[in-house]
Amino acid sequence: MKSFAKLNIFLKIIGTRGDYHEIVSRFVLFKEFFDEIEFKRAENFAIDSNQNIENNIILKAKSELEKAGFKPELDEFFKSHKIVLKKNIPMGAGLGGGSSNAATFLLMINEELNLKLSREELCKIGAKVGSDVPFFLSGFESANVSGVGEKIVEFSDTIPNIDVFTPDIFCSTPLVYKEFRANFMQNIDLNLTDKIKNIPSTELLQSYKNSQLNDLYAPCFKIYKDMQKYSDKFLSGSGSSVFCVRS
């Protein structure tokens with residue numbers, strides 16, 4: 001099953017909730033980038049991947065599903081199956097690859113084992129796995145996402161044709177958010193956030209600058225000096241992927 005990437009057309013921070021940051025963001029699926037996940041017969045449970053991923057988020061998704069009461073079903077199934085993950089989406093790139101993998105796993109295992117979990121129930125489990133996971137479970141191609149990722153409202157949108165480039169730079173999401181909290185909280189603009197959330201994505205990318213649309217632009221570019229050469233493009237999430245509208 002394909003596990004698609006996402007882009008943030010805009011990402012505005014509006015406050016904090018404990019260690020988390022409350023956001024308002026436009027998430028869109030980017031179907032040109034995807035990982036692939038499948039279940040295969042095996043003698044023991046494992047996650048076989050073409051990349052070595054420490055603390056794979058799929059394991060966290062499996063654990064949360066067990067806590068929700070499905071441990072017997074999962075134990076029985078994975079006595080004779082493994083997960084095969086082919087990674088194509090770069091890590092540390094702001095494209096949501098790990099969150100997408102977790103969501104895709106939840107959708108697949110729900111169907112495979114006939115767990116009969118509704119989309120809403122899956123989203124509640126997904127929210128415990130990661131803040132971006134509920135979007136990938138929502139089934140929406142474009143949505144305004146708020147809170148700490150748990151509030152998802154489908155946005156009727158014509159998604160522009162986009163070119164994405166991922167530099168060979170790993171951007172740490174926790175570090176970028178930490179830098180924002182330390183040095184950029186005073187730049188929060190609630191009026192701009194309220195204005196842009198109802199504007200179609202194509203119009204946003206034509207009318208606004210990167211620094212206006214993404215509050216993580218400044219802290220990312222401050223920490224990772226090599227990102228400066230991509231300042232003419234739009235940053236997705238906390239980076240390092242950048243994008244532009246295809247001409």
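This is a predicted model: local features need pLDDT of at least 70, side-chain atom pairs count only at pLDDT 80 or more; totals for chains, interfaces and linings use all residues.

**Entry 1: an annotated span.** I began with residues 57-139, whose end C-alpha atoms lie 20 Å apart. I checked the make-up of residues 57-139 too: 65% helix and 7% strand. The label comes from UniProt, where an unreviewed entry lists residues 57-139 as "domain: GHMP kinase N-terminal".

**Entry 2: the binding-site record.** Which residues does UniProt list for "binding site"? The unreviewed entry gives Pro90, Met91, Gly92, Ala93, Gly94, Leu95, Gly96, Gly97, Gly98, Ser99 and Ser100. I then compared that set with the lining of the largest pocket, which takes in Pro90, Met91, Gly92, Ala93, Gly94, Leu95, Gly96, Gly97, Gly98 and Ser99.

Leu95 sits in the loop between strand 4 (81-86) and helix 2 (97-112). Is Leu95 buried or exposed? Leu95 has a relative accessible area of 1%, so I put it down as buried. Leaving aside neighbours within four places in sequence, I find Leu95 in contact with a list of residues including Ala5, Phe33, Phe136, Val164 and Ser241.

Gly98 is in helix 2. Not counting residues up to four places away in sequence, Gly98 touches Ile57 and Lys87.

**Entry 3: two domains.** The protein is divided into domain 1 (2-154) and domain 2 (162-245). I looked up how they meet: 29 residues from domain 1 and 34 residues from domain 2 take part in the contact. The C-alpha centres of the two domains lie 23 Å apart. About 2400 Å² is buried between domain 1 and domain 2, and carbon and sulfur atoms give 59% of that area. Ile9, Lys12 and Ile13 supply 27% of what domain 1 buries against domain 2, more than any other three residues.

How many salt bridges did I find between domain 1 and domain 2? The count is one. I also noted that the side chains of Lys12 and Asp215 meet in a salt bridge, at 2.8 Å from N to O.

**Entry 4: salt bridges.** Side chains of opposite charge can pair when their charged atoms come close. I searched the whole structure and got 17 salt bridges.

One of them joins Glu32 and Arg246, at 3.2 Å from N to O. Glu32 lies in strand 2 (residues 20-41) and Arg246 in the segment after strand 9 (242-245), so this pair ties together parts that are 214 residues apart in sequence. Arg246 is partly exposed, at 35% relative accessibility.

Next I looked at Lys82 and Asp48, which meet at 2.6 Å, N to O. Lys82 is in strand 4 and Asp48 in strand 3 (residues 47-49), so the parts tied together here are 34 residues apart in sequence. Asp48 counts as partly exposed, with 32% relative accessibility.

Then I turned to Glu66 and Lys62, whose side chains form a salt bridge at 2.9 Å, N to O. Both lie in helix 1 (residues 57-77), four residues apart, about one turn of the helix. Are Glu66 and Lys62 buried or exposed? I have both down as buried.

Last item on the page: Arg17, Glu22 and Glu150 are linked in a network of salt bridges.

Notes. Residues are numbered from 1 along each chain as its sequence is written. Side-chain values use heavy atoms; hydrogens and water are left out. UniProt positions are given in the numbering used here, feature names are shortened, and annotations may be inferred rather than shown by experiment. On a 1 Å grid over the protein atoms alone, a cavity is a set of points where a 1.4 Å probe fits but cannot get out, and a pocket is an open set with protein on both sides within 12 Å along at least five of seven lines; lining residues have an atom within 4 Å of a point. Helices (H or I, at least four residues) and strands (E, at least two) are DSSP runs, numbered from the N terminus. Buried means under 20% relative accessible area, exposed over 50%, partly exposed in between (1.4 Å probe, protein chains only). Contact means heavy atoms within 4.5 Å. Domain bounds come from an automatic or database domain assignment. Buried area is the accessible area (1.4 Å probe) that two parts lose on being put together, summed over both. A salt bridge is a side-chain nitrogen of Lys or Arg within 4 Å of a carboxyl oxygen of Asp or Glu.
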